[in-house]
Amino acid sequence: MTVADFSSAYLSIYPVDPMPAAIAALRAGTEPVWLFAYGSLMWNPEIAFAEARPAFLHGYHRSFCLYSRDYRGTPERPGLVLGLDLGGSCRGIVYRLPPDRVGETLDRIWAREMTGEVYRMRGVTVRTPHGSVAAHACVVRRASPDYAGRLSVDEAARLLAAAVGGRGTGRDYLANTVRHLEELGIRDGLLHRIAARIADLAARPGPLFRAASPPAS
């Protein structure tokens, strides 16, 4: 079992969403509990896990489609974070939670990810090298005021380049995700184009980045 270091964990300034009964019931179940990771949970899970496998999810894609006003931005200058949005497919990692620590691990995931009502945790089926797995994943709530929709490469680059929040900069968030995807042999064309655009903007003289204008909170 891999045990994570939680000493530097940052918690959101926003209230934690109520945990639905169906998710809370996983504590008492006998079946393995798997979590699909597609963003920072891949390279900074901050949870203990019994097993990790490469995984493929059909029906959702990885996208910088959520404004972040705490983790990777501020209310005054929001950044962006990744979400699973409808359509397409996504490659990532699926973690099996430790059978003797399911409850505390779910609580830690919930406190980290499920704030501000921007995600919902739902059941999904992912393919792994050892067969299909019934897992859970955090997918975006399109009705959330923080749902950014489909931004252009320029819009996403300008927001990520300028934003800083409780967990660090948008640029580091993007760079860490891209690097980890490459280590897994995954090429995400959109994320690579955004990273290239940020590098291009950073090479230009003058003020740093004129951020795009997300909606007010």
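Arg 53 has its place in strand β2, where strands (E, at least two residues) and helices (H or I, at least four) are DSSP runs numbered from the N terminus. Arg 53 is buried, with a relative accessible area of 14%; buried means under 20% relative accessible area, exposed over 50%, and partly exposed in between (1.4 Å probe, protein chains only). Beyond its neighbours within four places in sequence, Arg 53 is in contact (heavy atoms within 4.5 Å) with Trp 34, Gly 92, Ile 93, Val 94, Thr 128, His 130, Gly 131 and Val 133.

The model is predicted: local features need pLDDT of at least 70, side-chain atom pairs count only at pLDDT 80 or more, and totals for chains, interfaces and linings use all residues. Residues are numbered from 1 along each chain as its sequence is written, and side-chain values use heavy atoms, with hydrogens and water left out.

**Overall fold**

The protein chain contains six helices and seven strands. From the N terminus on, its elements follow the order α-β-α-β-β-α-β-β-α-β-β-α-α. Of the 217 residues in the protein chain, 49% are buried. Among contacts between residues at least 6 apart in sequence, 76% join residues at least 24 apart.

**Nonpolar core**

A nonpolar core is a set of buried Ala, Val, Leu, Ile, Met, Phe, Trp, Tyr and Cys residues joined through side-chain atoms within 4.5 Å. The largest such core has 60 residues, of which Phe 36, Phe 64, Leu 80, Leu 84, Tyr 119 and Val 126 touch the most other members. Strand β3 (residues 79-96) gives the most to this core, contributing eight residues. Leaving aside neighbours within four places in sequence, Val 126 contacts Phe 36, Ala 55, Phe 56, Leu 57, Val 94, Gly 131, Ser 132, Val 133 and Ala 135.

The 12 residues of α3 should span 16 Å at 1.5 Å a residue, and its end C-alpha atoms are 16 Å apart, which agrees; the expected span is 1.5 Å times one less than the number of residues. In α3, the buried residues are Val 102, Gly 103, Thr 105, Leu 106, Ile 109, Trp 110, Arg 112 and Glu 113. Their cover includes α1 (21-24), β1, α2, β4 (119-128) and β5 (131-140).

Helix α6, with 14 residues, reaches 20 Å from its first C-alpha to its last, close to the 20 Å expected at 1.5 Å a residue. Leu 191, His 192, Ile 194, Arg 197, Ile 198 and Leu 201 are the buried residues of α6, and they pack against β2, β3, α4 and α5 (170-183).

Within α6, Arg 197 is buried, with a relative accessible area of 16%. Its contacts beyond four places in sequence are Val 153, Asp 154, Ala 157, Arg 158 and Arg 204. Arg 197 and Ala 157 are 40 residues apart in sequence, yet their C-alpha atoms are 6.3 Å apart in space.

**Cavity and pockets**

Rolling a probe the size of a water molecule over the atoms shows where empty space is left. On a 1 Å grid over the protein atoms alone, a cavity is a set of points where a 1.4 Å probe fits but cannot get out, whereas a pocket is an open set with protein on both sides within 12 Å along at least five of seven lines; lining residues have an atom within 4 Å of a point. Grid points are joined across faces, edges and corners, and a volume is the space filled by probe spheres set on the points.

By this rule there is one cavity of 30 Å³ or more. The largest cavity is lined by Leu 26, Val 33, Trp 34, Leu 35, Leu 97, Leu 106, Ile 109, Met 121 and His 136. Elements β1 (34-37) and α3 (102-113) each give two or more residues to this lining.

The largest pocket has 35 lining residues, with Asp 70, Tyr 71, Val 81, Val 118 and Tyr 119 nearest its centre. Two or more of its lining residues come from each of α2 (40-43), β2 (51-68), β3 and α3.

The residues lining the second largest pocket include His 61, Phe 64, Arg 150, Leu 190, Arg 193 and Ile 194. Elements β2, α4 (153-162) and α6 (189-202) each supply at least two residues of that lining.

In the table, Ala, Val, Leu, Ile, Met, Phe, Trp, Tyr, Cys and Pro count as nonpolar, Asp, Glu, Lys and Arg as charged, and the others, Gly among them, as polar.

| Space | Volume | Lining by class |
|---|---|---|
| Largest cavity | about 40 Å³ | eight nonpolar, one polar, no charged residues |
| Largest pocket | about 610 Å³ | 16 nonpolar, 10 polar, nine charged residues |
| Second largest pocket | about 190 Å³ | six nonpolar, four polar, two charged residues |
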